[in-house]
Amino acid sequence: MTTYDVIVVGAGPAGLAAAVTSARAGCRVALLDAAPRPGGQYWRHRSDADGREHHDWSTFRRLHAGLDGVDHHAEAAVWFVEPGLTVHTRTGQVRGRRLVIATGAYDRVVPFPGWDLPGVLTAGGAQALLKGQGVRFGQRIVVAGTGPFLLPVATGLATAGATVLGVHEANQPTRYLRQLPALAGALGKLTEAGGYGATLLRHRVPYRTGSAVVAAHGTDRLTAVTVASTQSGRVMPGSEREVACDGLAVGYGFTPQLELPLALGCATRLDTDGSLVVTVDAAQRTSVPGVYAAGEVTGVGGAALALVEGELAGAAAATTLGGDPPWSAGRHARLLLQRRTLRRFAAALHAAHPVPAGWPGWCDDDTVLCRCEEVPVGRVRQAVRDGSVVDARGAKLMNRTGMGWCQGRMCGYATACLTARTTGRRLAAADLIAYGARPIAQPITLGELADDD
């Protein structure tokens with residue numbers, strides 16, 4: 001078994017920055033990633049990509065060039081990490097003296113009637129198809145949910161030739177007025193948003209605020225959606241209308257991918273957007289000695305923040321092994337300032353784009369909650385009412401929510417919120433841990449499990 005100074009899990013912006021920084025400090029570094037090419041979801045690309053579809057492609061090219069000093073293991077999904085930092089992948093085992101977890105995040109979904117129809121995708125899924133395969137998943141598409149990520153999804157689809165019938169943002173722009181000081185610190189992001197807005201205007205895509213898709217319709221595939229004016233998720237009477245379409249991209253932010261840090265026992269907390277995130281200190285250290293975390297696992301904040309955190313984590317891991325700092329004290333101070341500024345900006349966006357509290361009101365009792373196990377919303381509500389379920393873990397054990405193919409990645413957040421709401425209490429970290437803690441982090445075959453020493 002090969003032993004490395006630093007093992008980095010995840011080859012997105014945070015993981016690439018951590019790996020290259022550690023290698024520059026003189027460490028022997030392994031970068032483990034499930035994808036065939038580095039870049040993560042942000043820089044997901046085809047083999048012939050020239051960067052025209054991506055932001056900050058020059059940074060990716062620079063980091064990619066820095067992998068010359070790194071052992072990059074592609075298509076090596078990590079399914080388990082032992083205490084002592086032995087890392088199990090689908091291609092074998094490696095051991096590290098330090099570990100940096102940069103596993104990113106996946107789409108956060110809330111259910112509504114018809115969300116399980118073919119033709120309904122997460123916003124991230126639509127983006128991945130477009131970036132990774134050059135495929136638009138429909139011709140007449142509605143984009144809905146909340147958050148700035150809806151903008152690149154809509155503009156990407158429109159530029160690729162789809163007719164985007166509208167972007168439906170569930171929250172109101174007036175929420176930004178309370179966040180102006182934090183937003184002023186990241187003017188580049190506001191300029192980027194302006195560029196998306198110009199593209200939407202050029203393609204005549206309407207952008208509607210305080211509006212949500214509350215139902216999808218069709219038999220064997222999507223044929224229409226119901227959109228409505230909403231206030232904190234509550235449908236305004238008389239505002240519903242039907243829009244014919246063959247595609248819906250919907251997203252309500254992202255959920256950090258925490259299987260590995262939870263398996264190692266890393267401390268977690270609830271972030272401002274209601275996500276469970278890893279707790280880290282100023283050097284990106286977790287509560288477990290030798291383990292660092294960077295990027296979305298410490299709080300969803302975008303690629304620029306992930307790059308900064310990855311560099312800080314990679315440098316900290318290397319210097320604790322006796323390596324020379326890879327940059328000057330001035331550079332370190334600037335990185336710390338950038339992290340504070342970008343964290344404030346992320347918190348402001350979370351405050352402006354919360355998941356609408358009233359979304360359970362969109363769901364009748366027959367609405368599918370857990371698609372894998374075909375559990376409807378009403379079964380969880382009834383289990384709470386009759387006293388057999390008092391928390392999210394109970395909902396999982398009694399009703400099998402989150403126990404199918406996706407292991408709760410799609411339904412875990414929604415089930416935790418629904419259970420807490422029905423019991424009349426706030427969402428707690430323990431609710432999300434019930435769906436985030438998995439002994440096997442990635443799907444593997446029984447043969448692969450048996451072959452692992």
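R285 is partly exposed, because its relative accessible area is 38%; partly exposed covers the range between buried, under 20% relative accessible area, and exposed, over 50% (1.4 Å probe, protein chains only). R285 forms a salt bridge with D281, and their closest N and O atoms are 2.8 Å apart. A salt bridge here is a side-chain nitrogen of Lys or Arg within 4 Å of a carboxyl oxygen of Asp or Glu. D281 is also partly exposed, with a relative accessible area of 30%.

This is a predicted model: local features need pLDDT of at least 70, side-chain atom pairs count only at pLDDT 80 or more, and totals for chains, interfaces and linings use all residues. Residues are numbered from 1 along each chain as its sequence is written, and side-chain values use heavy atoms, with hydrogens and water left out.

The whole structure holds twelve salt bridges. E311 and R331 make one, with closest N and O atoms 2.9 Å apart. E311 lies in helix α8 (residues 303-319) and R331 in helix α9, so the pair ties together parts that are 20 residues apart in sequence. Helices (H or I, at least four residues) and strands (E, at least two) are DSSP runs, numbered from the N terminus. E311 counts as buried at 12% relative accessibility, whereas R331 counts as partly exposed at 27%.

R400 forms a salt bridge with E373, the closest N and O atoms being 2.8 Å apart. This pair links distant parts of the chain, 27 residues apart: R400 sits in the loop between α11 and α12, and E373 in the loop between β21 (368-370) and β22 (375-376). R400 counts as partly exposed at 40% relative accessibility. E373 is partly exposed too, with a relative accessible area of 25%. Salt bridges that share partners also join E259, R409 and R438 into one network.

R400 has a backbone feature as well. Its phi is positive, near 70 degrees, and R400 is not a glycine. Most residues other than glycine have a negative phi. L85 is another case, with a positive phi of about 65 degrees. L85 lies in the loop between β4 (78-82) and β5 (86-89). At 9% relative accessibility, L85 counts as buried.

L99 touches L85, and its other contacts include I7, V9, V81 and L264, not counting residues up to four places away in sequence. Contact means heavy atoms within 4.5 Å. Which residues touch the most other members of the largest nonpolar core? They are I7, L99, F112, V225, L248 and W359, in a core of 69 residues. A nonpolar core is a set of buried Ala, Val, Leu, Ile, Met, Phe, Trp, Tyr and Cys residues joined through side-chain atoms within 4.5 Å. Helix α12 (residues 412-423) gives the largest share of this core, five residues. Apart from it lies another core of 32 residues, among them C27, L63, V70 and A306.

Next, the domains. The chain is divided into domain 1 (3-106 + 254-351), domain 2 (111-251) and domain 3 (359-436); the bounds come from an automatic or database domain assignment. The C-alpha centres of domain 1 and domain 2 lie 29 Å apart. Their contact takes 16 residues from domain 1 and 18 residues from domain 2. Together the two bury about 1,500 Å², 65% of it on carbon and sulfur atoms. Buried area is the accessible area (1.4 Å probe) that two parts lose on being put together, summed over both. R44, R46 and F345 supply 33% of the area that domain 1 buries against domain 2, more than any other three residues. How many salt bridges are counted between domain 1 and domain 2? The count is zero.

Helix α4 (residues 150-159) is mostly covered, with eight of its ten residues buried. Among them are L150, L151, P152 and V153. G161 follows α4, and its phi is positive, near 110 degrees.

T21 lies in helix α1 (residues 13-24). At 3% relative accessibility, T21 counts as buried. Its side chain reaches the backbone oxygen of A17 at 2.7 Å. Leaving aside neighbours within four places in sequence, T21 is in contact with E311, G314, A315, P326 and W327. E311 is the residue that forms a salt bridge with R331.

Notes
Polar contact = N/O pair within 3.5 Å; in protein donor to acceptor, adjacent residues only side chain to side chain.
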